Amino acid sequence: MKLHELIGYLHPFVDYKGENPEITSIENDNRRVTPGSLFICIKGYTVDGHDFAGSAVKNGAAAVLAERELPVNVPVIVVKDTVRAMAVLADAFFGQPSHKLHLVGITGTNGKTTTSHIIEQIFKDADQKTGLIGTMYTKIGEQIFEVKNTTPESLTLQKTFKKMVDEQVDTAVMEVSSHALVYGRVHGTDYNVAVFTNLTQDHLDYHKTMEEYRKAKGLLFSQLGNAFNHEKPKFAVLNSDDPASDEFAMLTTAHILTYGIDNHADLQAINIAMTASGTSFDLVSPFGVKKVNIQLIGKFSIYNVLASIGAALVSGVPLEAIIASVEGVKGVSGRFEVVDAGQDFSVIVDYAHTPDSLENVLKTIQQFAQKRVYCVVGCGGDRDRTKRPLMAKIACEYSTDAVFTSDNPRSEDPAVIIKDMEEGVKGEVYTSIIDRKEAIQHAIKNAKSGDVILIAGKGHETYQQIGDRTFDFDDRIVAREAIEER
Ligand SMILES: CC(=O)N[C@H]1[C@@H](OP(=O)(O)OP(=O)(O)OC[C@H]2O[C@@H](n3ccc(=O)[nH]c3=O)[C@H](O)[C@@H]2O)O[C@H](CO)[C@@H](O)[C@@H]1O[C@H](C)C(=O)N[C@@H](C)C(=O)N[C@H](CCC(=O)O)C(=O)O
Ligand SMILES: Nc1ncnc2c1ncn2[C@@H]1O[C@H](COP(=O)(O)OP(=O)(O)OP(=O)(O)O)[C@@H](O)[C@H]1O
Ligand SMILES: N[C@H](CCC[C@H](N)C(=O)O)C(=O)O
Ligand SMILES: [Mg+2]
């Protein structure tokens with residue numbers, strides 16, 4: 001695409017009439033620039049991309065998009081906000097790929113990864129080629145690509161959509177983090193369905209208040225657009241048991257489908273029966289009442305399944321087929337994953353890293369635990385500090401043996417993180433062991449027949465970040481080895 005055509009997509013007041021080279025790619029990292037690239041300078045949290053413009057030009061950049069004039073010998077187009085402009089250009093350069101996919105976006109504090117995988121399974125079973133973007137990876141069909149963020153920045157995102165279109169993906173499902181919504185990473189993305197899981201405390205280091213956090217999540221719904229697109233109708237799938245849903249309903253002109261357990265909803269689970277190996281419920285739906293037997297446990301799992309049923313239903317998948325698919329779902333890696341090495345006690349690895357998710361998981365365990373419940377848990381460094389005492393309190397309240405340890409301490413002192421946790425449990429009995437491996441070994445050494453050990457916080461993660469180093473660490477492997485050593 002020629003530079004003039006590309007710039008034509010920007011704000012009409014951006015006045016550029018200079019050279020008109022062919023733009024072969026758009027990059028915001030000088031190290032990825034190749035001859036003919038347009039280099040976009042982004043002021044980041046760590047460094048300022050404007051400082052890399054010279055190097056980008058050396059690598060062959062044909063033009064630079066920046067927030068100020070720069071001393072380089074290729075055209076520099078100046079805009080007020082390069083992050084915003086990047087979303088517009090990425091969408092245009094890759095041919096508006098999100099419009100060519102059936103796209104489901106999921107936001108909420110907990111359950112996004114789980115729900116996205118259940119939805120992916122439903123569409124796969126409906127013989128569609130699927131794409132998935134989220135915390136664990138990006139997936140196109142069965143191909144897996146590593147990711148850094150749950151929701152990538154606009155350039156990577158649109159490039160990924162384009163790849164999905166090229167590979168004939170029918171439906172793509174993606175997690176939309178609150179950070180992404182605030183940073184405009186999904187600006188211009190044309191969703192067909194926006195799903196809300198729930199809103200509870202997390203990320204207050206970034207959003208400061210729950211109100212700001214709620215507003216961030218609401219952006220997914222307000223950005224569903226105001227036009228009634230009768231050929232490609234838009235849908236919001238909302239949790240009727242979460243008070244934030246009323247506000248999100250107001251923010252969108254899309255058709256709304258609600259799901260819930262406690263409050264009346266279009267899709268409501270009633271007569272719930274839970275065992276240690278699964279859950280059954282009656283699904284009240286616009287198409288009558290249907291019996292559903294899932295292999296997942298916990299009330300939170302029912303919410304994830306209901307949200308998934310909703311997203312698939314408004315996408316045109318028949319209800320009977322949807323139910324057959326969700327009944328086949330075995331679970332998602334690192335979410336309530338059982339480690340079974342033949343031991344006579346249960347070990348569960350789960351990604352609960354927020355107060356609400358920890359409480360849900362421990363309450364679920366309480367429903368079938370007959371003896372002691374160990375809870376090995378830590379809190380991530382460089383993240384919301386205010387959730388630390390709350391998570392510690394929940395660990396003590398809903399388990400018999402709380403073991404506080406490190407999660408990913410990142411740049412923080414692990415001992416200080418544990419101190420922050422301990423602030424929430426003054427006068428209670430707990431054990432603190434900084435080394436996560438030792439903490440897991442401690443629980444496993446002490447467990448007796450019939451006990452349950454929950455290892456929370458890192459789920460599918462295969463690493464531990466301490467300082468600026470990343471070590472191999474997988475709760476499931478560490479637990480298995482400790483069991484075998486017993
Ligand atoms: C705070 C934050 O969101 N940071 C994101 C941001 O990084 P940054 O601002 O530090 O970027 P930077 O390193 O300063 O670079 C600025 C610019 O210079 C460029 N650069 C940089 C170095 C260089 O040598 N050359 C160069 O050109 C970079 O490409 C970039 O364009 O831009 C990066 C690239 O898009 C992101 O990967 C990074 O996410 C970091 C890893 C992060 O931890 N983000 C968290 C807070 C986050 O976004 N989490 C959410 C939610 C998680 C959940 O609850 O599920 C998520 O969606 O992941
Ligand atoms: N609907 C839910 N409500 C509350 N807690 C949930 C729900 N679903 C899952 N959880 C708990 O939250 C943990 C994380 O789930 P999941 O990875 O699906 O969430 P996420 O929203 O993708 O998280 P992240 O923001 O870190 O990517 C699970 O391991 C489980 O403990
Ligand atoms: N997406 C979440 C994941 C947290 C996982 C936990 N293991 C941690 O490192 O804090 C975050 O970045 O806050
Ligand atoms: Mg996730």
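**Questions on a predicted model**

Me: Is V425 buried or exposed in this predicted model?
Reply: The relative accessibility of V425 is 1%. Buried means under 20%. V425 therefore counts as buried.

Me: Which residues is V425 in contact with, leaving aside its neighbours within four places in sequence?
Reply: V425 lies in the loop between α14 (414-422) and β20 (431-432). One of its contacts is C396, which is 29 residues away in sequence and 7.4 Å away in space, C-alpha to C-alpha. The contacts are A392, K393, C396, F404 and Y430.

Me: Which residues are the protein donors of the magnesium ion (ligand 4)?
Reply: Along the chain the donors follow the spacing T-x21-T-x39-E. T135 sits in the loop between β6 (130-133) and β7 (138-140), and E175 in strand β9 (residues 171-175), 40 residues apart. The donors lie 2.1 to 2.2 Å from the ion, and they are T113 (OG1), T135 (OG1) and E175 (OE).

Me: Is E175 buried or exposed?
Reply: T135 has 22% relative accessibility and so counts as partly exposed. For E175 the value is 2%. E175 therefore counts as buried.

Me: How many of the 12 residues of α3 are buried?
Reply: The buried residues include T82, A85 and M86. Among the elements that cover them are α1 (3-7), β1 (25-27) and α5 (154-166). Helix α3 is largely enclosed by the rest of the structure, because the number of its residues that are buried is nine.

Me: How far apart are the end C-alpha atoms of helix α3 (residues 82-93)?
Reply: At 1.5 Å a residue, its 12 residues should span 16 Å. The value in the model agrees with this: 15 Å.

Notes. Residues are numbered from 1 along each chain as its sequence is written. Chains are lettered from A and ligands numbered from 1 in the order in which they are written. This is a predicted model: local features need pLDDT of at least 70, side-chain atom pairs count only at pLDDT 80 or more; totals for chains, interfaces and linings use all residues. Side-chain values use heavy atoms; hydrogens and water are left out. Donors are N, O and S atoms within 2.8 Å of the metal (3.2 Å for Na, K and Ca); water is not among the atoms, so sites may look incomplete. Helices (H or I, at least four residues) and strands (E, at least two) are DSSP runs, numbered from the N terminus. Buried means under 20% relative accessible area, exposed over 50%, partly exposed in between (1.4 Å probe, protein chains only). Contact means heavy atoms within 4.5 Å. The expected span of a helix is 1.5 Å times one less than its number of residues.
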